[in-house]
Amino acid sequence: MKFLETKWISSMLQKSTMGIKGLQGFVARVCPDACRMVDLKEMAEKHRIDHPDVTPVIVVDAMSCVRHWYTPESWVCGGQWREYLTVLEDFIETFKAAGIELVFYFDGVVEEKKRDEWIKRRQQNNKEIANLFQFIKTHRKQPGRGMFVLPSALPTFTRFALKSLGQKTVCTLQEADFEVAAYGLQHNCMGILGQDITVMYSREDLCRALGLNIMHLPLFACLLGNDVVPENLLEGFWHKCLVICPSRNKSYNRRTSIILAVANYISKIPCLYSSLKHLEDMLPLGSDKTLLHRGMESYLLPGQQSPWIPPDARNFSMFSGQEETAMCQDKEIFQVLWLLKLNGYFIVVTTYRFGRLHFFQGNHKYIAIRKCSVDCTEAYCTFCTHVCSSLESMTFQFELVLIHNEQFSPIWQFPMKETERLAKEHHIQSENYAIFNILSNGELECSNSLEDDCDTEIPGQALIYRPARQHIYSVLLESEGDGACPVVKEWFVYCGNPLQQPDLIQPVQPSIPGGTPNLKTLWFAKGPDVEKQRYSTFLACFHLQDAMEELQALEAPVAAFCCLLTYLMLQVSSLSLEDLNAFVALVLCLRGKSAAELLMQVDSRAVHLGAVLVRGLTTLLMANSACGFPFRMDDLMPWKVFDGKLFQEKYQKSHRSCSLEELLEGNVSNYILLESFVFFKKNVPVHNYCCTGLLSLYFSSFH
């Protein structure tokens, strides 16, 4: 377990995105004394003595841990979700036995400044997944852990799994690194868990080995490259450092030599703002000379000071999600994207609800805000030019802001709508999925899935579920004055999408008699008629509004699975009767199935289909959140309806034309399950799949 000592310093966050690449291996090879084994009970007891009124709490940077938590042997087939739940339970119990509470933090947003890095990682993941499928096709088995790729949607379902296990789970409003460290500082926590390994890194010992002091660490991280300061801009600087301080040990790899050389260079620099400015002038940072400044600032927590950046040189004050929630519970929070000064006016473009304009003049402590009527998908400079040209004709509404030396920190802002405030609360508490990002930023992203780009018969899951998402967007977003909903920017990974810009997706109204209910009705109204509206609106997102009676007769997880599978069969024309049989046999035979019984030969097409199905479950989560929760979120989880190895077995047996009795393992006597197949017969007319096969077997068993 990797901990920060309780003398908090955000620059040593243990997360790959903002930590120091290669540092962990460097410590193990070059200064192993900085790495100490720890005893959880002893640490917790010491914390109780030092802080008698505080329960020992460790903040978990969950996104750094999911790769280490997923220990089930099978990972390529779509996930062993029940085994994974057991792993999480055991993890929690380890800390509980030591008297330690855990608070789990998950990234809830991809900040605009991190978008380029996010895209670069998605493209790298695409290459890894392509290699993985090539291996599967060649060897028909799962590769070793060296080619490990997270099962599709693992972080999303981990969040809900931990919440179902009674853990405090937070989905962030900004970069998780910042909120994790801010929570630890504010609540006097005993440490941050960044990976699942039982060691603690001593900052003092590390600094001693590198010849640095602790105040050097943020600069050290920036000059080795992070999400703000790209590595490719630092190659020339690294070369200069290596010339000044060449490696004395020929066995060191290049990264180790760079770490030592950069540390040597930094050790001679005074911790002063003037030193930082000199570095900015000296480094080849391209057109943006503020990169280093912003990188350093990203490591500062609320209330912290830095010798590198004096208070009057800091940008907009930032608050953690926890602080903001406490201070401004009913206020709109926005992220500044662009600042322009023109004729004494400061024009600020923000992310909130497709852009808002904020105007400042001189040192007057006023903010003028109007809702943007310009297409905010244009480049910001074009957007601001348009604003400036029409500045005189605009009518403004004023609210107070706090201004420090022409640095503006919004304090009073427009109240949120009731629905937006609830969406935000549910987002932070990990009770909904994707809704707040759509309502607040008009933007949504989806990472890689285990999909075979060479299999052109099966579209990417992003495209399969797009019609459903368009209906969900229509449920969520109010029409503008002309009756049209604003578009949603989608950053979804699929074959042929270079991710150079988002897809602009127009919401589409679902087919609901009387029109789509408004959000206030779906989310706040009570009574049986509203429950019916929620359920029917959910089904309409998947074109199944006429099937409500049949689906409500089923157990909730089976009903959700039927909804998803029906949608898939209608959207993907290449799916066969054998595919349908395999999916249905999966959900019927999942209960009580032991993983030890299952075979391990792997079919690449079944891997692809498993990923598509699991991503479909996240679409169900989104629709459920938008429609006011007609289902319990727990009924939409993969451990209720999916097992990767079991699906591989059923898929391969089905495609070998094994008997249906064998495929179903004799499980043909449950009335509820029979009803589910009656539903399929009525609602999946594709090639008359359901008029034969499994249904015939079911019907014959009752005669």
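Predicted model: local features only at pLDDT ≥ 70, side-chain atom pairs only at ≥ 80, totals over all residues.
Reader: Where is Tyr 433 found?

Author: Look in the loop between α16 (418-428) and α17 (435-441). Residues are numbered from 1 along each chain as its sequence is written, and side-chain values use heavy atoms, with hydrogens and water left out.

Reader: Why is Tyr 433 called buried?

Author: Buried means under 20% relative accessible area, exposed means over 50%, and partly exposed is in between (1.4 Å probe, protein chains only). Tyr 433 comes out at 12%, so it counts as buried.

Reader: What does Tyr 433 touch?

Author: Leaving out residues up to four places away in sequence, Tyr 433 touches Thr 156, Arg 159, Phe 160, Thr 618, Leu 621, Met 622, Ser 625 and Met 633. Touching, or contact, means heavy atoms within 4.5 Å. Take Met 622: along the chain, Tyr 433 and Met 622 are 189 residues apart, yet their C-alpha atoms are 5.3 Å apart in space.

Reader: Which residue in that loop has a positive phi without being a glycine?

Author: That's Ser 430, with phi near 60°. Ser 430 sits between α16 and α17, and its relative accessibility of 0% makes it buried. Arg 140 also has a positive phi, about 50°, and isn't a glycine either.

Reader: How do you know whether Arg 140 is buried or partly exposed?

Author: Check its number: at 35% relative accessibility, Arg 140 counts as partly exposed. You'll find Arg 140 in the loop between α5 and α6 (154-164).

Reader: What makes α16 largely enclosed?

Author: It's a matter of counting: 8 of the 11 residues of α16 are buried, so the helix is largely enclosed by the rest of the structure. Those residues are Thr 419, Glu 420, Leu 422, Ala 423, Lys 424, His 426, His 427 and Ile 428.

Reader: And why is α11 called largely enclosed?

Author: Here 10 of the 14 residues are buried, so α11 gets that description too. Among the buried ones are Arg 255, Ile 258, Val 262 and Tyr 265. The cover over the buried residues of α11 includes α1 (23-30), α8 (203-210), α9 (217-223), α10 (235-244) and α12 (273-282).

Reader: How do you know that the length of α11 agrees with what a helix should span?

Author: The expected span is 1.5 Å times one less than the number of residues. For the 14 residues of α11 (residues 254-267) that should give 20 Å, and the end C-alpha atoms are 20 Å apart, which agrees.

Reader: What makes α19 mostly covered?

Author: In α19 (residues 466-476), 10 of the 11 residues are buried. Arg 466, Gln 470, His 471 and Tyr 473 are among them.

Reader: Why is α5 called oblique to α25?

Author: Angles under 35 degrees count as roughly parallel, over 145 as roughly antiparallel, 65 to 115 as roughly perpendicular, and the rest as oblique. The axes of α5 (residues 115-139) and α25 (residues 604-626) cross at roughly 140° and come within 9 Å. That angle makes α5 oblique to α25. On the α5 side, the contact is made by Phe 133, Ile 136 and Lys 137, and on the α25 side by Ser 604, Val 607 and His 608.

Reader: How do you know that Gly 184 is buried?

Author: Its relative accessible area is 0%, so Gly 184 is buried. Gly 184 lies in helix α7 (residues 176-187). Val 59 is 125 residues away from Gly 184 in sequence, but 6.5 Å away in space, C-alpha to C-alpha.

Reader: What makes Tyr 651 buried?

Author: A relative accessible area of 4% does, so Tyr 651 counts as buried. Tyr 651 has its place in helix α27 (residues 644-655). Apart from neighbours within four places in sequence, Tyr 651 is in contact with Asp 579, Ala 582, Asp 603, Arg 605, Ala 606 and Leu 609.

Reader: How many of the residues of the whole protein count as buried?

Author: Of its 703 residues, 56% do. The secondary structure comes to 30 helices and 15 strands.

Definitions and conventions
Axes fitted to C-alpha atoms, helices over the stretch in contact; angles between N-to-C directions. Helix = DSSP H or I, 4+ residues; strand = E, 2+ residues; numbered from the N terminus.
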